[in-house]
Structure formats: structure tokens, C-alpha cells
Amino acid sequence: MVRNLLKKNKIVYLMTDFGVDNFYVSEMKSVIYSLCREARIVDITHSITPFDVHEAAFLLGMIYPFYPGGGIFLVVVDPGVGGERGEIIVRTQERLFVGPDNGVFSYVYEKEKKFSVYRIRRELFEGVSSTFHGRDIFAPVAGRLLAGTSLRSLGRKSDEFVRFQVHYPEVEEQEGAVLIRGRVMFVDKFGNLISNITFSDLKREGVKETYIRVGRTVIREISRSFSDVPAGKPVAYIGSHGYLEIGVNKGNAQSSLGAGKGSILEVVMVM
Amino acid sequence: MVRNLLKKNKIVYLMTDFGVDNFYVSEMKSVIYSLCREARIVDITHSITPFDVHEAAFLLGMIYPFYPGGGIFLVVVDPGVGGERGEIIVRTQERLFVGPDNGVFSYVYEKEKKFSVYRIRRELFEGVSSTFHGRDIFAPVAGRLLAGTSLRSLGRKSDEFVRFQVHYPEVEEQEGAVLIRGRVMFVDKFGNLISNITFSDLKREGVKETYIRVGRTVIREISRSFSDVPAGKPVAYIGSHGYLEIGVNKGNAQSSLGAGKGSILEVVMVM
Amino acid sequence: MVRNLLKKNKIVYLMTDFGVDNFYVSEMKSVIYSLCREARIVDITHSITPFDVHEAAFLLGMIYPFYPGGGIFLVVVDPGVGGERGEIIVRTQERLFVGPDNGVFSYVYEKEKKFSVYRIRRELFEGVSSTFHGRDIFAPVAGRLLAGTSLRSLGRKSDEFVRFQVHYPEVEEQEGAVLIRGRVMFVDKFGNLISNITFSDLKREGVKETYIRVGRTVIREISRSFSDVPAGKPVAYIGSHGYLEIGVNKGNAQSSLGAGKGSILEVVMVM
């Protein structure tokens, strides 16, 4: 199924820690276009914290279901480039993922019921650089997949791959109350704090009161949107990817509330 | 007329305050491509000051006439997302504009003799998020328009829309002199100060001397380009969009002259 | 040959000092698409240090051979815009380069055995702005070239063009040793120091020991990749463009080693 979608869409999404103040990303794109002129290339972001595989993995896991099926996610956050780590293609029902085998797809493995991992045939990529596999291995693989080369000819199916422990929130059920302890996983440009607590974690019956605490701030309900509170006030809401977020209406929660990536977020629901 | 141009060009220009260090823009693009594979998507900028509808409105008004006709401007600077503000499509003779009805198109209304405003039919977008209408309403509307869906099926023509007072410079005519008082509306990466005083404001007959003042700096003529003054010296010139700008040749006017966004700019023309 | 490649690929690579927090680049793209709807446009970077023609020239020279043949490099780092400097198209066997005649293609001239320079016919671009030739001259030239307009109709072949002295490393041959003194030309987002010493400079027979010095740091060998040294340790390696680079495994060489753009890099090879 993914193959037909791919053939029709020919779209690749890029996520790296390369930044945009240099030329690395453009070299990857030039390779992709040279292999598939009809490619659509969309930058997700190139501002992943350098070498932060865990950050990239969480963000990818949060957002990928919101992209239409039939695309390739090319993820290059690769502190181990040139070392022992392998290179893989992950196939799910509707998508392909290409990148280093360093755990960056761990949240994808969690979310998908069925997926296959293919180790890229290194022998197809002789004489490549030791420091820029984004250009020399991953982009060529993505370009060939877009151009119609079969997955099997590019990789060997494998049961061995790196999968790290993902950060689920801790849930403590008490009599008449539930305590959920998560953390801030990402802060966006507006200063909104995106946590790892999901909509489903919060879906309980018979909840009478809800308290959300981050740092010294306590918020007493989950709102629908920023504008449900006055300007300058903190607001908890389910963000557009289904995760609990803390913002400040027309303000910046990170700077106002003194919280940031890694901060603990607690939700108490009283039944 | 706009419809035929659109059909031929299939181009959309994006302006947001989302930044590029996250994934919001890419989600909008993925939606557009899924609705119209042949789309051309051009980023104007994603660095509008967060929530600054006035900044976005001015910049859009300044630059849009310089883009070839037949495109869609998708503008998402949307502090009121999820609240009461509406969503609109603006049609001018050669262009479409899609975004929140918060005044962000006010300068377009000023510049166009004829335009129509359509309120987007919200019933077409059930179950959308409350915080990311860029992905859930505006991008789908742009994508459908590119794909050929008629404006009328997406929106209802309306005479009610938000239009704020635009910032025109003040002009004081005196005997033998004209005083124009404008302000710096935007500072570009080079530190050039872009004002709201236009070429037409300055076009007067019989002008013998011109003085331009910003902060403590007085410039005694309007030059053609940076290189008309020595390196390091301030220069006033008509920028590439027809507005009076202050720069420093091979330098940075913002830091050298101690002026910035909001600073007053005065022009005295002596007849 | 370049013409056929161009016709097939229709790809243009952009390098400017415009930044991405404004609208200049998008205006150039809108012009290119309006002249050639099928264009592929790839941003190399827009973060060249403002007005730094030497930086842009070095980077372009380092990277352009790694892009597939048959593209146009559109380079706008143009402190002399509106002044006396000319506008040129450079043709090499497989590529075209479009930009101001200010030396920004000097490294291309060094690397290519055969190339031709065409002065753009200014009479084709009447009434253009004096400050934004990127939009008003260079993008239209690139767009027309992509659309199939002949080079000759856009420019006149010329033997006069600006070419500045490129920065080669100094090589001192001594008995039993070679000393190479280069400098750091660019620092990427990871803090890797990219020098102007190439793989060929270092290729000597009978080398027993190699020392690389930058600031107070001495590195005793050239490694294959970051992961050849422990995390946090400095590493010298041949980067993915064939130049000697200094990095820190999973760290930042610029901040750890107190070196940056312009720093001296010395290599001693003992035979």
C-alpha cells in the first residue's frame, strides 16, 4: 500500500539538526531531485538540538500521524555518523522512514502495530564520506525510493534495531484522584510548553476538578484555546497534536512561568 | 480573471509568525500538497513578530504588489485562534488572500479599488483543532482553491470584516515647506529601516532641499542606492518596494543610528 | 552540454546574505516561478555574513562540485548593488552561475579549466530598482535561462571580470617535514571548523607523524570521523567536501577550542 501512495505523492519530509545557516540540507535536496525530478521536498525543521536523538524521536512520534499518508520521513540526527551504528528504512502501513539506526524512530515503533525494519545495503554506497551520510546514503535512498526502486533492493529486512525507552508519563491512581506526572518535551517559538501527556491520558470519567501544575503555577482547568483566558494569563489546553500544552494567551509561557524543556508537569484529577 | 491565473500558476505564498525551528509550517505544506500535488509553495517569511498582526499587515501591503498576479497569499498571524474571530478569503483582481479576519489584510483593502471578502464556511471544517487553524482550515482552503474548488463553495460573500486604521504618515504643508512625519515599520536583516513614507508622498514639484531626520541623524538628500555614499555613512533612498528607507552603506543603520521599529522619521522638503 | 542538462533539470540553487526573516528571497522565487513554472528552487543558505563576498566565494567554491551537474547557482551577496559593478553569467562545462561581478565566483574560476563569462545585457532590464538586483536582474536572468532563453541573448561574452586572490594555504617544505599553514574559513552549526586545507594538500608519501594545531590545541592524527575519538575530544578529519576540518565529538569545537573564522590552522607532517 505504501508503495502506491509513494508513487503517487512522491513527497519527502526532512528533519535534521543541521540548521539553515549552511549548505548541508541543500546538498541532500540536490541529490533527491537528481534521482526524482518530480519530488516534493518539505522541511519539517532543521533546528533539532544538535545530536539530540531523543528530542527528534519524540517530535517525530508526535507529529508524523498528522502528515497525509504516502510520504517518506528522512530524519538525520546522527551523532554516531561514521561509527558503528547502522542505517535503516522503516516501513509502516502508510509511510516510510529513513535514517540512522540510533533509536530516532523509537516512538514510531511504539505507535505502530505493524512495521518492518530494513537495514540499508551498505555495499550500494561505496566510497561515501564518513561524516555526511545525510547526503551520501540517506538522501540517495530516499531519492531512489521516490523514483520507484523497491525497498527490498535497497535494504534487508531485519529484526535487530535500536529502540530506546520512550518517556511515558507516570500515572498514579489513588482513591478519588489520579495523579499524572509528565514532562515538557519541547518548547515552540511562542514559548508554548508541549508535554508528553496525551489527550487519552486525561480522558477519565467522573472528573470533578482538574489541576495542572508546572513550576509554581497551578492552572485549574483545561481550556479549549488560548483565547479562553485573558491576555497574559496561563492556559492549559490540548494542543493540535493531542498533547497537553501550557501557554500564555498572547504571551510566552516559557519566560513567564520559568519552565522549559525537561520541566515536570503534574495533573491532578479529582473524581 | 484571478481563477484562470490561479489555475495556471498554482502558487501559494506563506507568511506566518510560526518560526522555522518547529514543525507547524511543514504541516501546512503537507496539507496543501495533499490537495494539489502540482502546487508551488513559497515561504515569504515565518519570522513575523509573534502575534503582531499590524506588522504582518504592513509588510503584506508593501510587498504583495511585487509578486506576479495569480497567486494565493496564505497569512497566518492569528493571536485569536480558537476564539470569536472569523476566517476569510479576500479576492482582488489578480490575487487571493486567505487568513483570519483580524485586520491582517487592512493594507490590501486600502490599496485595492475593488475587492470581495468571503467568510469561510466553517461547516466544511468540522472537528478541527482549536489552536492550529493554519493546518486545519487555512491550508485546506488554499489547497482546495489551487485544486480548482470554487471560491463560492468555500465561502460566503460578506460586507462585514475587520479593518483597522492603517498608519499613513502625517503631512504638514507650510509656506515654502512640507513636513512629513512617518515611522519605521520594519527593520531588515541588514539593519535597513523601512518607513511608511512612500515615493508618492515625496514626489513634489520645486523642491530645493530635502532633509531626512531619524533620531539624531540628519541626512541631506535622497540617494539612488547605498553606494552613493561612502562606506559607513547613512543613506536615505527609495527602497525596492517604493518606500523611503534609511541604511548605512556596508553597515547597519539600526545599530549605528540607534533607531528601530517604531522610531519617528521626519522629512522636511524646502521649496 | 550545460544547456541540455539545464533543460532537463530546471534547477536553481540560491545563496544570499538576505536572511530568512524577511521577504527578499521569496520575491526572487516568485519571479523565477513566473518565468518557469517547472523550476526546482533549492536554498543553499541565506545566512552568508552580510556583504561578505569572500565568505560566499569560498563556500561556493567548496561545495558546488558536490551538486549534480546541470544547475544554475544564483548567488546574491552584493554590497555594491546600484553602483558600478557589473552583472554576469559564468558558464562552466556543467553549470551556470549568475550574480554580481564582484569576485564572488573567484574560486569557481580557480577550479575550472574552461569557463566563459557573459556580461548581462543591462538594456534588457530597464527601470529596475537600485537596491534589489536579486529580484530585478538576477532572478529574471535565472528564470529565463531555465525557460530556455539562450545565454547569448542574455549576455555578451567578455574577458573582463573581477577575480580576487583566493586564500590557498601556505606550504613550507623542510628537510624531513612539511608545514602547511591554513585558516578557518567557515564554522558550521555544530561548531566544526572548516579550513582551506584540502585532502590533496595533505596527500604526501612517507608521512610518519602528523600534528594539527589550532590555537592551543594539538591533535596528533587525522581521523576518519567524529566517533574515532571519545565524546568531548577534539578530532581532525577530512570533511565531506574534501577539506580538513576540526570538530569535537558530540561537542562544539568553536566554543571548546576558542577558535573561529579566521583562526590559523597548522599541519606539520614529519617524514
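Reply:
**The domain interface in chain A**

In chain A, 10 residues of domain 1 are in contact (heavy atoms within 4.5 Å) with 9 residues of domain 2. The structure is a predicted model, in which local features need pLDDT of at least 70 and side-chain atom pairs count only at pLDDT 80 or more, while totals for chains, interfaces and linings use all residues. Residues are numbered from 1 along each chain as its sequence is written, chains are lettered from A and ligands numbered from 1 in the order in which they are written, and side-chain values use heavy atoms, without hydrogens and water.

Domain 1 spans 2–158 and domain 2 spans 170–270; these bounds come from an automatic or database domain assignment. Their C-alpha centres are 32 Å apart.

Together the two domains of chain A bury about 800 Å², 73% of it on carbon and sulfur atoms. Buried area here is the accessible area (1.4 Å probe) that two parts lose on being put together, summed over both. On the domain 1 side, A:F58, A:M62 and A:F66 lose the most area to domain 2, together 60% of what that side buries.

Between the domains there are 2 salt bridges, each a side-chain nitrogen of Lys or Arg within 4 Å of a carboxyl oxygen of Asp or Glu. A:D52 forms a salt bridge with A:K261, with the closest N and O atoms 2.8 Å apart.
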